[in-house]
Amino acid sequence: MTLDFNHRSSMAERINALVDEALVAEREAAPPRTYLGASRLGHVCERALQFEFAGAPKDDGADFSGQTLRIFAIGHQLEDLAIRWLRAAGIDLVNQKRDGGQFGFSVAGGRIRGHVDGIIADAPAALGMRVPALWECKTMN
């Protein structure tokens, strides 16, 4: 897709449009998921989940915009920062297995999969926290 810029577009708008176009192209080139993510299981529309599980084609415009993909990428970077902060505060947070992968699960022959961002193995007594505990990091919403 070639972008047609309006002569009134600011430089920032033009750059963002090019970045968004590149992110969308990158996502479209990635192989589609062959599973339903665990975070989707609570979706209110069971039919939408069924279509997603079966790999039904999406409606035009139903994919993530470049702006949304930028937000996701920022969230992933902020997760690394949050891990550093929690560890500095004395929380023993483990975010990878010994082999380097994420902690997760798979059921239904791999058609449903999920992961957690980390596991809190220990925490300062002042928090009164029971451990181990699952840790999920949501930074952009």
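Tutor: Asp-20 is buried, because its relative accessible area is 16%. The word has cut-offs: buried is under 20% relative accessible area, exposed is over 50%, and partly exposed is in between (1.4 Å probe, protein chains only). This is a predicted model, where local features need pLDDT of at least 70, side-chain atom pairs need 80 or more, and totals for chains, interfaces and linings use all residues. Residues count from 1 along each chain as its sequence is written, and side-chain values use heavy atoms, without hydrogens or water.

Which residue does Asp-20 pair with? The partner is Arg-70, and together they form a salt bridge. That term means a side-chain nitrogen of Lys or Arg within 4 Å of a carboxyl oxygen of Asp or Glu. Here the closest N and O atoms are 2.6 Å apart. The pair links distant parts of the chain. Asp-20 sits in helix 1, Arg-70 sits in helix 3, and 50 residues separate them. (Helices are DSSP runs of H or I with at least four residues, strands are runs of E with at least two, and both are numbered from the N terminus.) Arg-70 counts as partly exposed because its relative accessibility is 24%.

Opposite charges can pair when the charged atoms of the side chains come close. How many salt bridges does the structure hold? There are three.

Take Arg-40 and Glu-52 next. Their side chains meet in a salt bridge, N to O at 2.8 Å. This pair also links distant parts of the chain. Arg-40 lies in the loop between strand 1 and helix 2. Glu-52 lies in helix 2, and the two residues are twelve apart. Are they buried or partly exposed? Arg-40 is partly exposed, because its relative accessible area is 27%. Glu-52 is partly exposed too, with 32%.

Now Glu-136 and Lys-138. Their side chains form a salt bridge, and N to O is 3.3 Å. Glu-136 counts as partly exposed because its relative accessibility is 40%. Lys-138 reaches 65%, so it counts as exposed.

Compare its position with Pro-57. Arg-47 and Pro-57 are ten residues apart in sequence. In space they are 14 Å apart, C-alpha to C-alpha.

Return to helix 3 as well. This helix covers residues 66-88, and Ile-71 has its place in it. Ile-71 is partly exposed, because its relative accessible area is 34%.

Two details of the backbone remain. Which peptide bond is cis? The bond from Val-131 to Pro-132 is cis, with omega near 5 degrees. Pro-132 lies in a loop, with strand 5 (118-122) on one side and strand 6 (133-135) on the other. The other detail is at Ala-108. This residue is not a glycine, yet its phi is positive, at about 55 degrees. Ala-108 is in a loop too, between strand 3 (103-107) and strand 4.
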